[in-house]
Amino acid sequence: MNPPTGPAPSRSSNGKRDRIAEPWGARTPYGKGGHWPHRVDMYLADGLGPESVDRWVQSASVLHSNGDGLDIAVKDGRIIGVRGRVNDRVNHGRVDTKDLFGWQANASADRLTAPLIRRNGRLVETDWDTAMNAVVRHSRELLDTSGPSAFGFYTSGQLFLEEYYTLGVIAHGAIGTNHVDGNTRLCTATAAEALKESFGCDGQPGSYTDVDHADVIALFGHNVAETQSVLWMRMLDRLAGDDPPAIVCVDPRSTPVAQRATVHLAPLPGTNLALMNGLLHEIVRNGWVDDGYVEQHAVGFDELRKRVAEFPPERVADICGVRAEDIRAAARLLGTAQRLMSTVLQGFYQAHQATAAAVQVNNIHIVRGMLGRPGCGILQMNGQPTAENTRECGADGDLAGFRNWSNDAHIAELAELWNLDTTQIPHYAPPTHAMQMFRYAEQGTLRLLWISATNPAVSLPELRRIRSILRQDRLFVVVQDIFRTETAELADVVLPAAAWAEKTGTFTNADRTVHLSEKAVDPPGHARSDLEIFLDYARRMKFEDRDGNPLPPWTDAESAFEAWKRCSAGRPCDYTGLSYDKLRGSGGIQWPCNAENPDGTERLYADGRFWADPDYCEAYGKDLITGAPLEPTEYRAMNPFGKAILKAAEHIPVHEPPSPEYPFVLTTGRTLYHFHTRTKTARAPQLQAAAPEVWVELSEGDAARLLIAEGDVVEIGTPRGSVTAKARIGGIRDGVVFLPFHYGYWDADGTDHTRAANELTITDWDPVSKQPVYKTAAAKLTRVRSGNAPAAAPTTAASAPVADDVDATTGGPAARATEQIPTERP
Ligand SMILES: Nc1nc2c(c(=O)[nH]1)N[C@H]1C(S)=C(S)[C@@H](COP(=O)(O)OP(=O)(O)OC[C@H]3O[C@@H](n4cnc5c(=O)[nH]c(N)nc54)[C@H](O)[C@@H]3O)O[C@H]1N2
Ligand SMILES: Nc1nc2c(c(=O)[nH]1)N[C@H]1C(S)=C(S)[C@@H](COP(=O)(O)OP(=O)(O)OC[C@H]3O[C@@H](n4cnc5c(=O)[nH]c(N)nc54)[C@H](O)[C@@H]3O)O[C@H]1N2
Ligand SMILES: [Mo]
């Protein structure tokens with residue numbers, strides 16, 4: 001490894017810092033190709049010091065997808081804090097603000113501690129036998145009368161690998177339903193799909209270490225500063241060191257990334273594909289294509305060249321509302337970079353042409369031959385901590401081990417592994433996506449919906465509709481959660497789960513790094529791990545394989561992991577070289593990890609070879625406009641030798657454009673301090689205080705036109721509902737308003753539904769990935785009254801006000817965490 005480089009740290013070691021006011025902490029600059037210095041972040045409750053810790057228990061972060069290694073501090077059987085793992089390849093000791101404080105939610109007095117069952121319209125506490133027998137009785141009846149297709153399983157990106165694999169085997173194998181998906185559909189379905197379209201298979205080509213080597217880093221619809229804040233610390237440290245990278249940011253808001261960007265493109269939401277076509281137009285026109293690489297390793301270049309020729313910068317500028325010269329400037333950076341790293345996330349994924357736009361990022365890397373070398377990574381990012389595992393294990397709309405549902409040989413492999421007949425495993429049609437499952441429930445063909453570790457009554461689009469679906473008498477709803485959420489309130493049976501730190505398992509981050517997370521403390525009351533709950537269900541249902549053995553046959557987390565290893569053998573996500581023992585004490589290991597790569601694999605596709613061979617690939621791809629799947633024969637004809645695939649697409653305007661009645665584009669997303677529906681972060685006092693209530697962001701120009709002042713109470717309306725929020729006048733582009741989607745109703749006064757952003761969003765999805773459209777809707781704004789004080793929105797990040805007389809976000813004494821910069825490399 002290279003020695004540390006760059007100037008000395010900007011701050012002495014062993015500092016304490018208010019990590020609410022300064023979320024990214026001290027800079028530890030380093031130069032290109034250098035070693036990212038270590039910095040160990042720690043927060044212990046009540047001013048305790050490390051000497052009061054009984055045990056440190058190995059784990060990793062679960063409030064985003066970055067996979068930061070951390071240790072859980074335990075004292076007297078309770079969690080008292082966390083500390084970054086200095087030897088972890090991902091974070092080198094750093095901890096994100098949410099993770100520093102979020103663990104406090106585990107010990108909340110209002111955790112679910114016993115099962116609940118609906119009696120006479122109300123949820124009442126019960127015991128496990130009563131709750132599980134009710135679920136089993138219902139399941140048996142449905143299996144007998146309606147068959148497997150009456151079952152739907154809607155899971156998460158927040159369980160552990162072992163839990164997903166177990167659920168996948170139960171749902172796809174034992175029951176045989178095709179209706180299995182995760183909230184990953186709302187999250188990383190497009191990441192997976194874009195990788196399948198371009199490389200024939202899911203699997204992140206890049207590595208976080210690409211940040212150390214890149215000379216250009218491009219972020220497409222990704223506010224990494226707030227959503228993977230430790231990855232941003234790495235980028236900030238490069239920016240502070242010698243030979244810093246140029247940053248290209250594509251985001252309609254003035255995010256911290258935009259503020260540090262060399263070129264910031266702020267397109268109108270919903271126009272990403274046109275913008276990408278414009279960038280590729282310039283790359284092709286200027287001859288920045290690596291012809292040799294394309295010739296040898298890709299198919300489809302002619303079609304791409306023809307398509308992007310229709311998108312000169314002037315046309316694109318018109319569509320996107322950006323300047324043509326900025327498009328040229330961005331294209332020059334992308335086109336002339338020696339080592340280009342790209343990341344893509346929800347600003348691209350939650351759109352009506354999500355896959356088509358995300359694929360163009362892959363196209364830039366393919367045409368420039370920027371794959372598999374240090375600094376040349378693509379990160380089609382994940383969002384949730386374990387979303388990668390939902391995909392690998394087949395608990396989303398895919399089959400275990402990235403197997404291809406339309407390849408009979410792959411189904412036969414699964415049947416062999418699970419000792420079932422091939423006909424038992426559904427593969428007659430593409431797996432049902434979450435939005436379609438809710439449609440089937442609405443129509444009455446899906447009769448049992450088992451929801452684990454997700455809160456659709458706040459996170460799905462068009463909530464009035466979702467509530468009415470979940471409320472139906474004919475639908476039996478099982479909710480498995482750690483809190484009594486808005487969704488739990490609509491359930492027939494609620495199962496109390498053990499949370500992170502209360503169970504053991506593994507999970508994999510966005511750059512394929514696998515971590516082990518060990519049980520640190522007992523779950524509260526009668527709560528059980530999700531794995532125990534799924535296995536208990538299987539036993540009570542008496543699920544069996546062909547020979548009458550219990551299915552699934554495993555009994556605990558480690559035996560589930562061993563079974564998963566066999567399922568992953570020979571597939572891209574090969575875990576056969578891993579074990580709990582090997583992960584214990586390690587700093588994270590990237591798959592594939594097998595006999596050939598015993599230490600894991602830093603980058604994929606280094607040799608210009610892909611997992612796209614027709615017999616091996618995960619998917620044959622889809623039409624980027626209609627989403628129609630390609631026939632196996634069509635794929636074979638297009639890509640007989642399994643090369644990378646360049647796919648082009650035409651720009652299509654958003655389905656609900658602004659109109660005289662609804663003149664704004666509404667977009668939604670996140671703040672640094674909260675995680676999703678805030679079941680954890682609102683129960684951590686420091687985080688809740690940093691962003692206590694919903695706000696709406698609008699531009700200075702729009703505010704002036706509508707006579708709206710900072711802090712005024714505003715109503716935001718779309719054809720589906722309305723939300724009331726205080727106005728934050730900030731750095732968003734004109735014509736666009738932004739709402740955070742974190743605020744539901746479990747801690748709201750009153751019962752009116754005017755707080756959640758998803759009251760406003762539209763039931764619509766990308767035809768290719770089926771990911772819902774959360775980033776565009778036509779909206780109107782009405783000033784309701786003066787608010788008398790500024791909005792209580794964070795001032796540290798994208799929601800910062802333009803006015804400078806708004807109080808800065810601070811944490812207070814309880815938000816101070818230590819940062820220790822070791823003088824020697826561990
Ligand atoms: N603090 C925090 N961190 C998180 C999470 C969290 O809830 N809170 N959740 C985790 C999860 S599950 C996820 S999926 C990730 C999401 O991480 P991100 O994708 O970074 O987060 P978002 O805020 O949803 O959207 C990113 C940006 O897209 C921009 N955007 C909106 N519309 C458009 C558009 O049409 N085009 C472009 N180019 N940009 C647009 C928004 O302005 C926003 O800044 O974060 C993960 N990390
Ligand atoms: N408008 C709008 N809507 C969005 C988005 C957006 O950008 N805009 N983003 C979308 C995205 S990317 C995502 S990922 C989704 C997230 O949406 P959700 O998945 O609905 O959000 P969470 O609050 O993370 O819900 C996770 C639930 O799991 C519970 N939980 C936590 N740990 C465990 C556990 O170990 N076991 C069990 N059984 N339960 C557990 C938590 O208490 C919580 O209720 O929202 C989507 N919705
Ligand atoms: Mo997500």
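Author: Let us begin with a term: a polar contact is a pair of N or O atoms within 3.5 Å. Please keep in mind that the model is predicted. In this model, a polar backbone atom of Ala453 is 3.3 Å from an oxygen atom of ligand 2.

Reader: Which polar side-chain atoms lie at 2.6 Å and 2.8 Å from an oxygen atom of ligand 2?

Author: The distance of 2.6 Å belongs to Ser459, and that of 2.8 Å to His676. As for cover, ligand 2 taken alone exposes 910 Å², of which the protein buries 99%.

Reader: What is found around ligand 1?

Author: There are 32 residues around ligand 1, and Thr227, Asp251, Gln346, Arg670 and His674 come nearest. Eight residues of this shell are nonpolar, 18 polar and six charged. Helix 14 gives the most, with three residues. Helix 6 (224–227), helix 14 (346–349) and strand 23 each supply at least two. Ligand 1 lies between domain 3 (201–381 + 621–645) and domain 4 (664–809), since both give residues to its shell.

Reader: Which polar atoms of the protein lie 2.7 Å, 3.0 Å and 3.2 Å from atoms of ligand 1?

Author: A polar side-chain atom of Asp251 lies 2.7 Å from an oxygen atom of ligand 1. A polar backbone atom of His676 is 3.0 Å from an oxygen atom of this ligand, and one of Gly347 is 3.2 Å from a nitrogen atom. The protein covers 100% of the 910 Å² of accessible area that ligand 1 has on its own.

Reader: How should I read a sheet?

Author: Strands of a sheet pair through backbone hydrogen bonds, in either a parallel or an antiparallel manner. Here an open sheet of five strands has the order 12-11-10-14-15, with parallel pairing. Its edges are strand 12 (263–265) and strand 15 (378–380), each of which pairs on one side only. Within the sheet, strand 10 (residues 216–220) and strand 14 (residues 340–344) pair in the parallel sense over five bridges.

Reader: Which residue of strand 14 stands opposite Ile217?

Author: Met341 in strand 14 stands opposite Ile217.

Key. Residues are numbered from 1 along each chain as its sequence is written. Chains are lettered from A and ligands numbered from 1 in the order in which they are written. This is a predicted model: local features need pLDDT of at least 70, side-chain atom pairs count only at pLDDT 80 or more; totals for chains, interfaces and linings use all residues. Side-chain values use heavy atoms; hydrogens and water are left out. A polar contact is a pair of N or O atoms within 3.5 Å; within protein, one must be able to donate a hydrogen and the other to accept it, and residues adjacent in sequence count only if both atoms are side-chain atoms. Accessible areas come from the Shrake-Rupley method with a 1.4 Å probe; for residues, only the protein chains shown count as cover. Two strands pair if DSSP finds at least two bridges between them. Helices (H or I, at least four residues) and strands (E, at least two) are DSSP runs, numbered from the N terminus. A residue is near a molecule or strand if one of its heavy atoms lies within 4 Å of it. Ala, Val, Leu, Ile, Met, Phe, Trp, Tyr, Cys and Pro count as nonpolar, Asp, Glu, Lys and Arg as charged, and the others, Gly among them, as polar. Domain bounds come from an automatic or database domain assignment.
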